[in-house]
Amino acid sequence: MKVNFYSSADFFDEGANLRILKASFLDCPMHYHDFVEFAYVHSGSAIHIIDGKSYEIRKGDLFIMNTNTPHEIAPSERQDGNFVVINCIFKPEFIDGALMD
């Protein structure tokens with residue numbers, strides 16, 4: 001299975017450590033990235049696959065993905081509306097070192 005890598009260089013403007021994105025999609029292939037992701041499910045539902053385990057995510061859910069963690073989003077069987085996620089992504093250095101211990 002192919003796993004895509006998403007680099008922070010492709011998502012952040014020079015000098016920026018934080019970005020907020022609105023994403024609407026039916027599926028997102030297996031990938032990992034070098035930034036932390038906080039994601040709030042604004043509407044709809046989907047299946048979030050992490051480490052081979054499937055989790056249904058739906059409106060109101062929040063999930064956090066650490067760096068270098070392969071994961072994917074797949075369509076839910078019940079597809080109750082357009083799946084929309086609000087992503088707050090940031091580089092690890094954005095977090096104060098004291099919080100990382």
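**Briefing: strands, core and aromatic pairs**

Strand 8 (residues 71–75) has 4 of its 5 residues buried, so it is largely enclosed by the rest of the structure. Buried means under 20% relative accessible area, exposed means over 50%, and partly exposed lies in between (1.4 Å probe, protein chains only). Strands (E, at least two residues) are DSSP runs, numbered from the N terminus. The model is predicted: local features need pLDDT of at least 70, side-chain atom pairs count only at pLDDT 80 or more, and totals for chains, interfaces and linings use all residues. Residues are numbered from 1 along each chain as its sequence is written, and side-chain values use heavy atoms, with hydrogens and water left out.

**Partners of strand 8**

- Two strands pair if DSSP finds at least two bridges between them.
- Strand 5 (residues 45–50) runs antiparallel to strand 8, and 5 bridges join them.
- Ile50 has His71 of strand 8 as its bridge partner.
- Strand 3 also pairs with strand 8 in the antiparallel sense, over 2 bridges.
- Here Cys28 stands opposite Ile73 of strand 8.

- An open sheet is formed by 4 strands in the order 2-9-4-7, with antiparallel pairing.
- The edges are strand 2 and strand 7 (62–65); each has a single partner strand, so one side of each is left without a neighbour in the sheet.
- On average, neighbouring strands of this sheet are turned by 20 degrees against each other, direction ignored. Axes are lines fitted to C-alpha atoms, and angles run from 0 to 180 degrees between N-to-C directions.
- Strand 4 pairs with strand 9 (residues 84–90) over 7 bridges, in the antiparallel sense.
- Val41 lies opposite Val85 of strand 9.
- Strands of a sheet pair through backbone hydrogen bonds, either parallel or antiparallel.

**Nonpolar core**

- The largest nonpolar core holds 10 residues: Cys28, Ala39, Val41, Ala46, Ile57, Phe63, Met65, Ile73, Phe83 and Val85. Such a core is a set of buried Ala, Val, Leu, Ile, Met, Phe, Trp, Tyr and Cys residues joined through side-chain atoms within 4.5 Å.
- Strand 4 and strand 7 are the elements that give two or more residues to this core.
- Phe83 touches residues including Val41, Ala46, Ile57 and Ile73, not counting residues up to four places away in sequence. Contact means heavy atoms within 4.5 Å.

**Aromatic pairs**

- The whole structure has 6 aromatic pairs. Rings of Phe, Tyr and Trp (its six-membered ring) pair if their centres lie within 6.5 Å; planes under 30 degrees apart count as stacked, over 60 as edge-to-face and the rest as tilted.
- Phe5 and Tyr32 have ring centres 5.0 Å apart and planes at 45 degrees, so this pair is tilted.
- This pair links distant parts of the chain, 27 residues apart: Phe5 is in strand 1 (residues 4–6) and Tyr32 in strand 3 (residues 28–33).
- Phe5 is partly exposed at 40% relative accessible area; Tyr32 is partly exposed at 27%.
- Phe12 and Phe35 pair edge-to-face, 5.8 Å centre to centre with 75 degrees between the planes.
- Phe12 sits in the loop between strand 1 and strand 2 (18–24), and Phe35 in the loop between strand 3 and strand 4 (36–43), 23 residues apart.
- Phe12 and Phe35 are buried.
- Tyr6, Phe11, Phe12 and Phe35 form one aromatic cluster.

**Salt bridge**

- The count is 1 salt bridge, meaning a side-chain nitrogen of Lys or Arg within 4 Å of a carboxyl oxygen of Asp or Glu.
- Arg58 and Glu56 meet through their side chains at 3.2 Å, N to O.
- Arg58 is partly exposed at 36% relative accessibility, and Glu56 is partly exposed at 34%.
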